[in-house]
Amino acid sequence: MAGRGRGSVSGVVALCLLLVSLVACGGKPAADSAKADVQQVLDRRAAAVLDRDKAAVGKTGESGWFDELSPVPLAAWSYRVTGLHRSGDMATADAELRYQIQGYDQAPVTVARTLSLSLDAGGQWYVTDEKPAKKAPEQLWDQGEVLVVRGKHSMVLGVGQPGEALHRFADLADSAVPAVSDVWGTEWPGHVVVLVPKSLEGMAGLLGSPASSYRGIAAVTTGETGAPAQAPADRIIVNPDAYGLLGTLGKQVVFTHETTHVATRSDTSAATPLWLSEGFADWVGYRGTGRTPEEAAPELWEAITESRVPAALPTDEDFGFGDSATGLALAYEGGWMACRMIADRWGEERLVEFYRAVGAHKKRPGAVEEALEKVLDTNLEDFTAQWQDYLRVQLD
């Protein structure tokens, strides 16, 4: 019995030695151990970023990017390793970066990152490179040193832009926020984060899309429709190439439009058609400017004067950036005129109530119809006919 026992122990030891490169006897697989080690390095890296300690960041790896990021006021910064691909002394980590801008983000923004690592002479993992994951959007500091300008209701972050230009964007945002609150109310954060890259290509990088998708688009607002109250702040991302072509009024209208999207985000859902969300944002943007329908809706004016009255309200597909510029303009102008008609005939408060009622619907089918009946005491067929008549009267 004693001899058999010794032989069994010897066999177990041999098996552990045989598998030691894959599994520590009684412990975790080596890959799991490496993943845990990398996570520890990234935890130290995140803590150093929040402490504004470049030297400590450097102890975890390459730190040149820290100077680009350091002007950004951060309330949170953390990594979560989701995968590790190791080859000898080298590894690539898939990670989620979660961060918050202090005073603006109510919850962390989450972005996918890819980090390259190597083992140093002491056997510790060392970050050699960090970049956006494949198909993930860039962050502004990936494009260069960030300059931060604070407004009364805004924070503007720019790359490759002079401070004077960023101050002008802050002024636009500071005018837009109270204009939106005057219509929508104050039950939203009441401030905006504006990102101003160097060029159209920089804008596209921040959106993770081809530049051709946004050529001619002055600005867009990121954010998830129907986002809960505890959601990251939306970002207004500017296309400086197209924005620079706008006049003074056009720049303000665009900024108020985009700020409206920020304010209405939690009440905008999959049930909200684009003619309503974009039309309402345009209505708020033009409200109080004195612009006539003929001035603000030139493509629709031309169509009406040629007796080409739209047969129906714009569809979501009509708002596709890939369509013709004329078709896109007709969609925006048609949505704006529909919202303008509601404000004129039923009142501004009813327009806001109608917007909220549509967004509160669980699904797209029936959302507009139900809100038309409950809020405006009409139906889609009659509403469409009234809209067509309104176009003729206002634009003919």
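Student: At roughly what angle do the axes of helix H11 and helix H15 cross, and are the two helices roughly parallel or roughly perpendicular?
Tutor: In this predicted model, the axes of helix H11 (residues 298–305) and helix H15 (residues 380–395) come within 10 Å of each other and cross at roughly 95°. Angles of 65 to 115 degrees count as roughly perpendicular, and H11 and H15 are therefore to be described as roughly perpendicular.

Student: How do the residues of the contact of H11 with H15 divide into nonpolar, polar and charged?
Tutor: On the side of H11 the contact is made by Leu300, Trp301, Ile304 and Thr305, and on the side of H15 by Leu391, Arg392 and Leu395. Sorted by residue class, these give 5 nonpolar, 1 polar and 1 charged.

Student: Which strands stand at the edges of the open sheet?
Tutor: The sheet is built from 5 strands with mixed pairing, in the order E5-E6-E7-E9-E8. A strand at an edge has a single partner strand, so one side of it is left without a neighbour in the sheet, and this applies to E8 (219–221) and E5 (146–150).

Student: Which residue in E6 does Val146 stand opposite?
Tutor: Strands of a sheet pair through backbone hydrogen bonds, either parallel or antiparallel. Here E5 and strand E6 (residues 154–159) run antiparallel and are joined by 5 bridges. Within E6, the residue opposite Val146 is Val159.

Student: Which strands does helix H8 lie across, and at about what angle does it run to E8?
Tutor: Helix H8, which comprises residues 248–264, lies across the strands E7, E8 and E9. Its direction, compared with that of E8, gives an angle of about 10°.

Student: How far does the backbone oxygen of Tyr79 lie from a polar atom of the side chain of Gln39?
Tutor: Gln39 lies in helix H2, which covers residues 30–50. Leaving aside residues up to four places away in sequence, Gln39 touches Tyr79, Arg80 and Val81. For Tyr79, the separation between its backbone oxygen and a polar atom of the Gln39 side chain is 3.0 Å.

Student: How many residues apart in sequence are the parts that Glu96 and Arg80 tie together?
Tutor: Side chains of opposite charge can pair when their charged atoms come close. The side chains of Glu96 and Arg80 meet in a salt bridge with an N to O distance of 3.3 Å, and the count of salt bridges comes to 15. Because Glu96 lies in strand E2 (residues 90–101) and Arg80 in strand E1 (residues 74–87), the pair ties together parts whose separation in sequence is 16 residues.

Conventions
Residues numbered from 1 in each chain as written. Predicted model: local features only at pLDDT ≥ 70, side-chain atom pairs only at ≥ 80, totals over all residues. Heavy atoms only, no water. Pairing = 2+ DSSP bridges. Helix = DSSP H or I, 4+ residues; strand = E, 2+ residues; numbered from the N terminus. Contact = heavy atoms within 4.5 Å. Axes fitted to C-alpha atoms, helices over the stretch in contact; angles between N-to-C directions. Parallel < 35°, antiparallel > 145°, perpendicular 65-115°, else oblique. Nonpolar A, V, L, I, M, F, W, Y, C, P; charged D, E, K, R; others polar. Polar contact = N/O pair within 3.5 Å; in protein donor to acceptor, adjacent residues only side chain to side chain. Salt bridge = Lys/Arg side-chain N within 4 Å of Asp/Glu carboxyl O.
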